[in-house]
Every structure is written in structure tokens, then in C-alpha cells.
Amino acid sequence: MGVVTMLSFHHLTLGHGSVTLLEDASLTLCRGEVVGLVAPNGFGKTTLLTTLAGMGGASARGEVCVQGVAPHDGADLRAKVFYAPGDASLLYPSCTALDHLRMARDLWSSPHDVETLARTCGVDPFLHKRVRSLSQGMKQQLTLAIAYATDAACLLLDEPMNALDPTNVQRNTAILRGLARRGKTIVMSSHILENVDEASDRIVFMTGKGLIVSDARGMGGERARAVYERLYGGR
């Protein structure tokens, strides 16, 4: 099977008010690929992810497409892509973890068994607890489990390893690599550069209103942290 395009944008200019974050940028992401998105705070990582998810909130010009569907195509796009924030804002405090997983499964018509998924993601010990009683790390575990429960073809994950302990970082890295082998496409923004190296096939650095793309599996020995320091200095 040849390379299949999952998500692409062409000549994308993106910003807020008078601030331009990207200018005439283009990128194509393939089926079965994990892509790390890296830049200091304020460079527009979240804005780019939410724009690709069709969530609006920014000024955008250019062509964006997810499996042949444009962001303005509403329900069609939501069936293919899921955006997961890294600040637990996705969660309802009065609902349990199980409630969230069932909602995600049902809304996305997913084939997942939520109890099995909960065990795989390590959320089963608090499956029946309400979100308001969970720690920040537990909330992040649940947010990621919700993303997996959708079975969406493209996952856009904003700081997915935020607040996770090392065991759960490794657990979710393995899950992401497994999803890629099944043909899912994942874009993950992160400041944990060692994990970006481990999880990603390619790394996209946002800089100078443009994008620099590195092959994480063949960077000639240069790791994400070295590229980061070269591009951004002490930021």
C-alpha cells in the first residue's frame, strides 16, 4: 500500500488580530504517522491544532483538509478528527470517568469496549469516580482515554503527557505508537522533548511564522532538544 495522506494544509496563514503566527505554511501528514509539534509558548501550537480541528477562534486563510473533509464541513469533520486539550477543560466535573468514556464511544460510534479501554489506559482504578475528585494527572489520563475511545482517524493532542508520571508517559507513548501502526494519525504538541523523540516519526518546529520539519527517525543523531536550542536559544 502506498502512502496515504490523512491531514494536509496548504498556504495557511494563521493569527489573532494583528499577530501572525503562521504565514503561507504548508504540511502534509500521512496515515499511520505520529508528528510532534514543538515551539515555545506563544508560537501558536494550540491555535494550529484547534484550527485543524475546525474549532475556529483564529483568523485563518488557506486550505485545510482531513481525509478529504474541510474544517467548515462540521459533522463530517468531527467524525474523523478529535482534539484533546491538555488542561482538563474537556471534562465535566460532576461526571465519572466511565460516563466520559461512554459518551465518547457513543458520540463517535466507536467499536471500543470502554472497560477494556479503561484497563489499557490505566484509568480503571478511578473509573467510577467523579472528575472533581481526580488529581491533575488522573484527569490527563482520562482525557487521553477519551481521545482513544473515539476511534477517530486523526487525533490532535495538546500537551498529552502533561502532569503524567513516568509510568503513564510510557504507557501512553506505547498506545500512540500502537494507534499509528493501526493507521491512525496523531499530532501531539509537547514541551517534553525526550518524549517527542521517542514517540514521533517526524517533528514540526514552529518558527519565524513558518515550519521546519525534521525526520525523528533519521535526524543524523540530532535530538529534538538540540534542534530546539538551535532554533529558539534560551526560550
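Modeller: A salt bridge is counted here when a side-chain nitrogen of Lys or Arg lies within 4 Å of a carboxyl oxygen of Asp or Glu. Please bear in mind that this is a predicted model. Arg182 forms such a bridge with Asp151, the closest N and O atoms being 3.1 Å apart. The pair joins distant parts of the chain, for Arg182 is in the loop between α6 and β7 and Asp151 in the loop between α5 and β6, 31 residues apart.

Biologist: How many salt bridges does the rule give, and which residues are linked with Asp151 and Arg182 in a network?

Modeller: The count comes to eight salt bridges. Lys184 is linked with Asp151 and Arg182 in a network of them.

Biologist: Are Arg182 and Asp151 buried, partly exposed or exposed, and what are the cut-offs?

Modeller: A residue is called buried under 20% relative accessible area and exposed over 50%, with partly exposed in between. Arg182, at 47%, is therefore partly exposed. Asp151 has a relative accessible area of 22%, so this residue also counts as partly exposed.

Biologist: Which elements are tied together by the salt bridge of Arg102 and Glu115?

Modeller: The side chains of Arg102 and Glu115 meet at 3.8 Å, N to O. Arg102 belongs to helix α3 and Glu115 to helix α4, so the bridge ties together parts that are 13 residues apart in sequence. Arg102 is partly exposed at 37% relative accessible area, and Glu115 is partly exposed at 32%.

Biologist: Where in the chain are the partners Glu194 and Arg225?

Modeller: Their side chains form a salt bridge of 3.1 Å, N to O. Glu194 is in helix α7 and Arg225 in helix α8 (residues 224–232), and the two are 31 residues apart. Both count as partly exposed, Glu194 at 47% relative accessibility and Arg225 at 37%.

Biologist: Let us turn to helices. How should I read the length and the burial of α6?

Modeller: For length, one compares the end-to-end reach with the span expected at 1.5 Å a residue. Helix α6 covers residues 166–181, and its 16 residues reach 23 Å from the first C-alpha to the last, close to the expected 22 Å. In α6 the buried residues are Asn168, Val169, Asn172, Thr173, Ile175, Leu176, Arg177, Gly178, Leu179 and Ala180.

Biologist: What covers the buried residues of α6, and what follows the helix?

Modeller: The cover includes the strands β3 (34–38), β6 (154–158) and β7 (185–189), together with the helices α4 (114–121), α5 (136–150) and α7 (193–199). After α6 comes Gly183, whose phi is positive, near 100 degrees.

Biologist: Which residues does Thr120 contact beyond its neighbours within four places in sequence?

Modeller: Thr120 lies in helix α4 and is in contact with Arg171 and Ile175. At 43% relative accessibility, Thr120 counts as partly exposed. Its C-alpha atom is separated by 25 Å from that of Leu193, which is 73 residues away along the chain.

Biologist: Which residues make the nonpolar surface patch?

Modeller: Tyr92, Met103 and Leu107 make this patch of about 340 Å². Tyr92 is in the loop between β5 (81–84) and α3 (97–107).

Biologist: Finally, how should I read the chain as a whole?

Modeller: One compares the radius of gyration with that of a compact globule. For 235 residues such a globule would have a radius near 18 Å, and the 17 Å of this chain agrees. The C-alpha trace spans about 45 × 40 × 40 Å along its principal axes, and the secondary structure comes to eight helices and nine strands. Of the 235 residues, 54% count as buried. Among contacts with a separation of 6 or more, 68% are between residues 24 or more positions apart. The chain exposes about 10,600 Å², of which carbon and sulfur atoms supply 50%.

How values were computed: Residues numbered from 1 in each chain as written. Predicted model: local features only at pLDDT ≥ 70, side-chain atom pairs only at ≥ 80, totals over all residues. Heavy atoms only, no water. Helix = DSSP H or I, 4+ residues; strand = E, 2+ residues; numbered from the N terminus. Expected span 1.5 Å × (residues − 1). Buried < 20%, exposed > 50% of the residue type's maximum accessible area, 1.4 Å probe, protein only. Contact = heavy atoms within 4.5 Å. Patch = residues over 30% accessible without salt bridge, like charges linked within 9 Å, V, L, I, M, F, W, Y side chains within 5 Å. Areas by Shrake-Rupley, 256 points an atom, 1.4 Å probe, with all protein chains shown as cover. Rg over C-alpha atoms; globule rule 2.2 N^0.38 Å.
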